Amino acid sequence: MIISMWVQMENLILFISWRLTDTDPLPKGKRPCKSLRELEKEIKRDLEDGINPAGAKMTVCELYAKHNELKSNVRESTQKSRNQLMKLLQNDKMGNMQIEKVKPSDAKQWVIRMKEQKFAFQTLKAIDIHEGI
């Protein structure tokens with residue numbers, strides 16, 4: 001088994017492969033997998049493209065904050081709406097969930113919780129349409 005480790009700023013990326021290169025034979029009884037060199041190329045390409053390989057570990061709040069950073073040239077009213085949504089997410093269990101663990105049913109439950117807090121359907125619909133969530 002070949003293990004490689006990359007350290008990129010604060011992130012530690014570990015990946016494992018049974019083969020170093022594409023031409024190396026796969027040990028008997030092992031499932032097919034990408035070679036270590038191939039995995040390294042993919043991660044390097046993702047990092048160059050600005051994609052965080054550990055992005056699935058981000059929380060909903062972190063992803064929403066990143067989304068807002070990328071689209072920062074907005075009206076003051078839009079910025080207020082974004083800040084309000086961020087506060088709602090921070091105070092809700094959905095905001096602390098990892099992206100990879102969020103299911104459509106979790107999002108539906110969040111909408112129901114927001115309706116119980118007396119948020120109008122149009123407010124939630126506006127967030128969905130205008131913010132691209």
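1. Which residues of H3 are buried? They are Arg82, Leu85, Met86, Leu88 and Leu89. These residues lie on the same side of H3, because they cover an arc of only 160° around the axis. Turn the view to the face away from that buried side, and you will find the exposed residues Glu76, Ser77, Lys80 and Lys87.

2. Now step back to the whole chain. The chain holds five helices and two strands, and their order along the sequence is β-β-α-α-α-α-α. Of the 133 residues in the chain, 26% are buried. The accessible surface comes to about 10000 Å², with carbon and sulfur atoms contributing 54% of it. Among contacts with a separation of 6 or more, 40% are between residues 24 or more positions apart.

3. The mean pLDDT of the chain is 77, and 74% of the residues reach 70 or more. Helix H3 has the highest mean among the elements, at 87, while strand S1 (residues 2–8) has the lowest, at 49. Over residues 128–133 the pLDDT is below 50, although this stretch has eleven contacts in the model beyond near neighbours in sequence. Where pLDDT is low, the predicted coordinates should not be read in detail.

4. Leu39 is a residue worth a visit in helix H1, which spans residues 36–48. Is Leu39 buried or exposed? Leu39 counts as buried, because its relative accessible area is 18%, under the 20% cut-off. Setting aside neighbours within four places in sequence, Leu39 is in contact with Phe15, Ile16, Ser17 and Lys34. Leu20 is 19 residues from Leu39 along the chain, and the C-alpha atoms of the two are separated by 9.7 Å.

5. Finally, the cysteines. How many disulfides does a search of the whole structure find? The search finds zero.

Terms used:
Residues numbered from 1 in each chain as written. Predicted model: local features only at pLDDT ≥ 70, side-chain atom pairs only at ≥ 80, totals over all residues. Heavy atoms only, no water. Helix = DSSP H or I, 4+ residues; strand = E, 2+ residues; numbered from the N terminus. Buried < 20%, exposed > 50% of the residue type's maximum accessible area, 1.4 Å probe, protein only. Contact = heavy atoms within 4.5 Å. Areas by Shrake-Rupley, 256 points an atom, 1.4 Å probe, with all protein chains shown as cover. Arc of directions from axis to C-beta. pLDDT = per-residue confidence, 0-100. Disulfide = S-S within 2.5 Å.
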